Amino acid sequence: MEGLTGLSHLFVTMILTSFGGVIVMPAITDVTMAALCPGQDQCSLAIYLTGFLQAMSGVGSVLMTPLIGNLSDQYGRKALLTLPLTLSVIPQVILAYSRSTKFFYAYYVVKILAAMAGEGSFHCLALAYVADKVSDGKRASAFGILAGVGSASFVVGTLAARFLSTDLTFQIAAVLSMIALVYMRIFLKESVPGSGMKQPLLKEGEESRVEQNEDDSSRRTTGTFKKLPSVGDLICLLKCSPTFSQAAVVLFFNSLADGGLMAILLYYLKARFQFNKNQFADLMMINGIGATLTQLFVMPILVPNIGEEKLLSTGLLVSCISIFVYSISWSAWVPYALAGCSVLGVIVRPSICSIASKQVGPTEQGMVQGCLSGISSSANIISPLIFSPLTALFLSEEAPFNFPGFSIMCLGLALMIAFIQSLMIHAVPPIAGGKISSNSCTDTLV
C-alpha cells in the first residue's frame, strides 16, 4: 500500500515485541497456578492476583500514556518508544531464570511496576507513528494493517508456544524482547520532523520561565508543563468534538469487556473444561489466524466501501453475540468454534483509532492516541476489580446459583452498550484548524 513503505522497521519491531509477549501467554496461567495453588484446577488467589495486576496496569496507563503521547509529539516517537520496550524485558528475564514461588512473586512485583510505567505506551506510540506517515483517507486501513502485523506475530507466537517447553518459552521471550529494543534503536527513523532530545526537559523549562519573565505574562502556558498535558486536553477534546466523545464511550465499554475477558477467560476455561497450556495455545492460534486475515486483507477492502463507523458497529455486534454464547458454553468444542467466529471483533480498535485521529491535526496524533489509551486503561482498572471476584464466586461452591459463565454474560452486556453507542457515531469534518487547545475550545464553548 502506498504510504506504508516507511513503516517496515516499525512492523519488524512490532513483530518482535508481540512475539516476545505472546509466546508466554499460554503458559502463564499454568505457571501462576503451579506457583500459587499446585495441583489444583481452580484457584481464587490466582484470579485475584491476575485481576489486581491488570487493574494496577490500568492505573499506570491512565497516568502515563497521555503523558508519553504528548511528549512524543515534542520529542519524537522513537525516543519515547525506548521506555516500554526496555521495561518489557525485565519480567521476562525473571521467569526465564526460574518459576519457583519466590521468583514468581518477584516477577509479579516487577511486572506490576513495569506495566504501570509502560503498559499500553508501545501501541499508543505505534499508532501515532503510523498516523504521522499515512494520509487521513488511508489511515483506517493502515491501523488495521498494523494490528494485522501484531496478530500475525500473535499466531506465530502461540504456535511456537504450542510446541516449546515452558523453560524455553520464557528464555526465547526474554531474548526477543532485547532484540526488539536494539533493532528499534538502530533502524527505526523518527517520524516527527525536528524532534529529538536536544536538551533536557528541566533545562527547557528553565528557558521557558526566562522567556516568560521577559515577555508578556499571557505566554505562561508555553513552558514545559504545557507540553505535558493530559486531563485538560482530554476534557477539551471531549467538549469540542462530539464524534470523539462518542468514540470514547464506545472505547470505554469495549475495553471494559476486553479487559474483563483477558482477566478471567483462561481461568474460566481451566475450571470449566480443564484446559491446559496447549489448549490455550490452540485457541489463541485460531483466533490469531482469523484476526490476521481480517486485519490485513478484509479491513482494507471494507473501509473504503462501508466506512469506519459501520465497520465499528458490525465488529461490536459480532463480538457481543460471541460473548453471550461463551457464557453458556456447554462443551469443550464451543470455545474453539467461537474463536473462529469472533474474528470481526479485532476491527473495533483500529476503527475507533481512525475515527478519533481524524479529529486532530498532524502535530497532535500522539496526544489523541495517548488519550484513547488512557480511556482504555481506565476501563482496565475497573474491569478486573469487578469481574475477577465475580468469576471466582461463580466458579466456587458458594455461587448463589449455578451459572459459571455469569460474569462473562455481564461482559456481553457491556459490549451491547458499546454497540448501541456506536450506532450514534456519524462522520463529521475534523475540528476547525485541526488543532486542539484549551483556549480555542473555551472560546468555542463560550
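Contact, as the word is used here, means heavy atoms within 4.5 Å. The structure is a predicted model, in which local features need pLDDT of at least 70 and side-chain atom pairs count only at pLDDT 80 or more, while totals for chains, interfaces and linings use all residues. Residues are numbered from 1 along each chain as its sequence is written, and side-chain values use heavy atoms, with hydrogens and water left out.

The protein contains 17 helices and 0 strands; helices (H or I, at least four residues) and strands (E, at least two) are DSSP runs, numbered from the N terminus. Of its 446 residues, 54% count as buried, that is, under 20% relative accessible area with a 1.4 Å probe and protein chains only, where exposed means over 50% and partly exposed lies in between. Among contacts between residues at least 6 apart in sequence, 84% join residues at least 24 apart.

Confidence is expressed as pLDDT, the predictor's confidence in each residue, from 0 to 100. The protein averages a pLDDT of 76, and 83% of the residues score at least 70. Helix 16 (residues 406–422) has the highest mean, at 90, and helix 9 (residues 201–214) the lowest, at 43. Over residues 197–230 pLDDT stays under 50, and the model has 31 contacts beyond four places in sequence for them. Where pLDDT is low, the predicted coordinates should not be read in detail.

Helix 4 (residues 77–97) and helix 6 (residues 121–133) pack at an angle of about 160°, with their axes 9 Å apart; axes are lines fitted to C-alpha atoms, for helices over the stretch in contact, and angles run from 0 to 180 degrees between N-to-C directions. Helix 4 is therefore roughly antiparallel to helix 6, a term for angles over 145 degrees, with those under 35 roughly parallel, 65 to 115 roughly perpendicular and the rest oblique. Among the residues making this contact are Pro 84 of helix 4 and Ser 121 of helix 6.

Ser 121 lies in helix 6. Because its relative accessibility is 1%, Ser 121 counts as buried. Leaving aside residues up to four places away in sequence, Ser 121 touches Thr 65, Ile 68 and Pro 84.

Helix 4 also packs with helix 5 (residues 101–118), at an angle of about 170° and with axes 9 Å apart. These two helices are therefore roughly antiparallel to each other. Pro 84 of helix 4 is one of the residues that make this contact.
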